[in-house]
Amino acid sequence: MAMEDDDRPRKKISHEIGQDLSLLSVEELTDRMTMLSAEVERLREAITKKRASKDAANSFFKS
């Protein structure tokens with residue numbers, strides 16, 4: 001029995017800064033933009049949490 005394309009596991013999307021994009025399709029580029037936008041948002045949230053923790057600690061120890 002032949003395996004259909006939809007049954008094969010999809011390759012995980014990854015991105016390397018500066019990599020050659022010429023071989024990627026428009027769909028692949030769009031998927032990467034979506035992935036990278038989500039990652040930027042995740043990084044912003046982490047920064048916000050770390051700043052809040054640092055500010056709380058500074059406030060506690062200044063009292």
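Student: Are Phe60 and Phe61 buried or exposed?
Tutor: Both Phe60 and Phe61 are exposed, where buried means under 20% relative accessible area, exposed over 50% and partly exposed in between, with a 1.4 Å probe and protein chains only. This is a predicted model, in which local features need pLDDT of at least 70 and side-chain atom pairs count only at pLDDT 80 or more, while totals for chains, interfaces and linings use all residues. Residues are numbered from 1 along each chain as its sequence is written, and side-chain values use heavy atoms, with hydrogens and water left out.

Student: How many aromatic pairs does the structure hold?
Tutor: The structure holds one aromatic pair, and Phe60 and Phe61 form it edge-to-face, at 5.0 Å centre to centre with 85° between the planes. Rings of Phe, Tyr and Trp (its six-membered ring) pair if their centres lie within 6.5 Å, and planes under 30 degrees apart count as stacked, over 60 as edge-to-face and the rest as tilted.

Student: Switching topic, how many helices and strands are there?
Tutor: The protein has one helix and zero strands, these being DSSP runs numbered from the N terminus (helices H or I, at least four residues; strands E, at least two). Buried residues make up 3% of the 63 residues.

Student: Which residues is Arg32 in contact with?
Tutor: Leaving aside neighbours within four places in sequence, Arg32 is in contact (heavy atoms within 4.5 Å) with Ile13, Ser14, His15, Gln19 and Leu24. A polar atom of the Arg32 side chain lies 3.1 Å from the backbone oxygen of Ser14.

Student: Where is Ile13 found?
Tutor: Ile13 is found in the segment before helix 1 (26-62), and is partly exposed, with a relative accessible area of 39%. Not counting residues up to four places away in sequence, Ile13 touches Asp31, Arg32 and Met35.

Student: Which side chains meet in a salt bridge?
Tutor: The side chains of Arg42 and Glu39 do, at 2.8 Å, N to O. Arg42 and Glu39 are three residues apart in helix 1, so about one helical turn separates them.

Conventions
A salt bridge is a side-chain nitrogen of Lys or Arg within 4 Å of a carboxyl oxygen of Asp or Glu. A polar contact is a pair of N or O atoms within 3.5 Å; within protein, one must be able to donate a hydrogen and the other to accept it, and residues adjacent in sequence count only if both atoms are side-chain atoms.
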